[in-house]
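Dear colleague,

Please find the structure below for your records. My findings follow it.

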Amino acid sequence: MGPVSYFRFFRAGWVLAREGAFSVLPVESLPPMMKLGIGMARVIERPSVRKTGHVDRLNAALHKLGPSYVKFGQTLATRPDIVGPQAAADLAGLQDRMPPFDATLVPGILDLALGPKAQNLTEISPPIAAASIAQVHRAQLREPGQLPKTVAVKMLRPGVAERFHADTNALYAGARLAEVFAPSARRLRPTDVVRTLDHSMRLELDLRLEAASISELAENIKNDTGFIIPQVQWDQVAQNVLTTTWVDGIPIRDHAAIDAAGIDRKALASKLLQSFLRHAIRDGFFHADMHPGNLFADRKSGDVIAVDFGIMGRLSMRERRFLADILYGFITRDYRLVAQRHFDIGYVPKGQSVEDFALAIRSIGEPLHGRTASDISMAKVLGQLFTITELFNMQTRPELVLLQKSMVLVEGVARNLDPDLDIWTVAEPVVGDWLRREEGPVGRIEDFVGHFNRMTEALGRVPVLIAEAELALAEHRVMMARPQNRFANGALMAVLVAAFIVLVLAGWRLVMGEL
């Protein structure tokens, strides 16, 4: 990573400040240092932004900077309660109305990616939706011996991988600068956060992996209701091309059309929030890019339709228990439980007081109870959270970054559908049922079976370990016979003993389910 990456980072900061990106942030709710930084950034802001409050030019600027910055704008667009309704409306075009790439490139892309099978795709439409990474076309799939079917064909933008690589190098540069010149930011682990985002971006650039994600999610939700996803057409899938069945619905941000279709927006918001929590907590595998451009309402059933599975989140059982306990603690006002779980997973250093942290959590949770979404200022809540994270020297958990981002997106979309949404009431059936199941006989039996399987696996490795130990001892005896190696014998035995201890400890952790 050379000087070019640092130049790109500073250029991005200049463009964002110039086009009003920092004007949409809730400055009054932020800590003093953040207020100072934003105030300095706004010195170079365009006069038109200060005068009108519009950030419509920011759309083009974000697109020009690269796909990573577009993702940032998409997230802001879902939170009018934080950035204001005007800024959210100005940024909404980032969700699926980006300029498409040259249509004359489409036939060549399909031929190169799919070979002869590209001929089965006919009547390819102009782009139906165009986003930062890819665009989607409607087409007819005509396979021998089968009836034609309408499909969605997604194609990566030419050159998008190179743009992503340049973006992430610039973000790494910014993260390293923050760690060097802002020691207080080190607890937020900016480099690790960028590394997590970089990994998810790389996965998004292989549409074969997206197809696999759709397949896995379909298996997880096959017995669920309220959430619909398309089906993969595997013969028309390549690294840069993904073909699925066509799903037709009303864009979830088109509230007027949803109302005209007689769809209950309150029920739709509940289905969205509960489906997300069910996927995250029950399955540990969830859609991590649920901005409004990827969500629709089914005209017949009123269910949620989701598309674009390039970014998926995955949680271990430990992380799923953490999420469920945190939500349930807020639902039941058990702030001591919420605080303890933050210590258990490493968010808060052990040197801090659990009781004091529980008190800080209570100061956030109590004002939220009994309030609908329209009564809650998320800007003030976020500002208070910033203050608490600094006060308790909280550490970032990079593996939970996608979850946190997704919860911001989903909660924002749900509250836009239903301003009277009571988050805790909607979440309780999913969270409570899962916790009761996990703590009940079925959950205990599943835990026992899991531990037993890990123990069996560990025992199955014993013969291999014994054979390796015998080989090492045989080599050791040969070395013992050489006088020049007698000094090394003690060191070798020490290494063997240490290796044996490590193997025993690793086997014990494996049996206990910690690996």
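I begin with His137, which is placed in strand E3 (residues 134–141); helices (H or I, at least four residues) and strands (E, at least two) are DSSP runs, numbered from the N terminus. This is a predicted model, in which local features need pLDDT of at least 70 and side-chain atom pairs count only at pLDDT 80 or more, while totals for chains, interfaces and linings use all residues. Residues are numbered from 1 along each chain as its sequence is written, and side-chain values use heavy atoms, with hydrogens and water left out.

His137 is buried, as its relative accessible area is 1% (buried means under 20% relative accessible area, exposed over 50%, partly exposed in between, with a 1.4 Å probe and protein chains only). Its side chain makes a polar contact with the side chain of Gln135, at 3.1 Å. A polar contact here is a pair of N or O atoms within 3.5 Å; within protein, one must be able to donate a hydrogen and the other to accept it, and residues adjacent in sequence count only if both atoms are side-chain atoms. Setting aside neighbours within four places in sequence, the residues in contact with His137 include Val106, Ile124, Val151 and Trp246 (contact means heavy atoms within 4.5 Å). Over the face of Trp246 lies Arg138, 4.2 Å from the ring centre; the criterion is NZ of Lys or CZ of Arg within 6 Å of the ring centre and within 35 degrees of the ring normal.

Regarding confidence, the protein chain averages a pLDDT of 81, and 78% of the residues score at least 70 (pLDDT is the predictor's confidence in each residue, from 0 to 100). Over residues 510–515 the pLDDT is below 50, and this stretch has 14 contacts in the model beyond near neighbours in sequence.

The protein chain contains 22 helices and eleven strands. Of its 515 residues, 46% are buried.

The largest nonpolar core has 81 residues, of which Leu217, Phe227, Leu295, Phe357 and Leu403 touch the most other members. Helix H13 (residues 265–283) gives the most to this core, namely eight residues. Such a core is a set of buried Ala, Val, Leu, Ile, Met, Phe, Trp, Tyr and Cys residues joined through side-chain atoms within 4.5 Å. Beyond its neighbours within four places in sequence, Phe227 has contacts that include Leu217, Ser275, His279 and Asp303. A second, separate core of 15 residues includes Ala12, Leu16, Ala21 and Ala77.

Turning to aromatic pairs, rings of Phe, Tyr and Trp (its six-membered ring) pair if their centres lie within 6.5 Å; planes under 30 degrees apart count as stacked, over 60 as edge-to-face and the rest as tilted. By this rule there are seven aromatic pairs. Phe9 and Phe10 form an edge-to-face pair, 5.6 Å centre to centre with 65 degrees between the planes. The ring centres of Phe330 and Trp424 are 5.6 Å apart and their planes lie at 15 degrees, so this pair is stacked. The pair links distant parts of the chain, with Phe330 in helix H14 (residues 317–332) and Trp424 in helix H19 (residues 423–439), 94 residues apart. Both Phe330 and Trp424 are buried, and ring pairs link Phe330, Tyr335 and Trp424 into a cluster.

Finally, Gly313 is found in strand E11 (residues 312–314) and is buried, with a relative accessible area of 1%. Gly313 and Ser200 are 113 residues apart in sequence and 8.5 Å apart in space, C-alpha to C-alpha.

Yours sincerely
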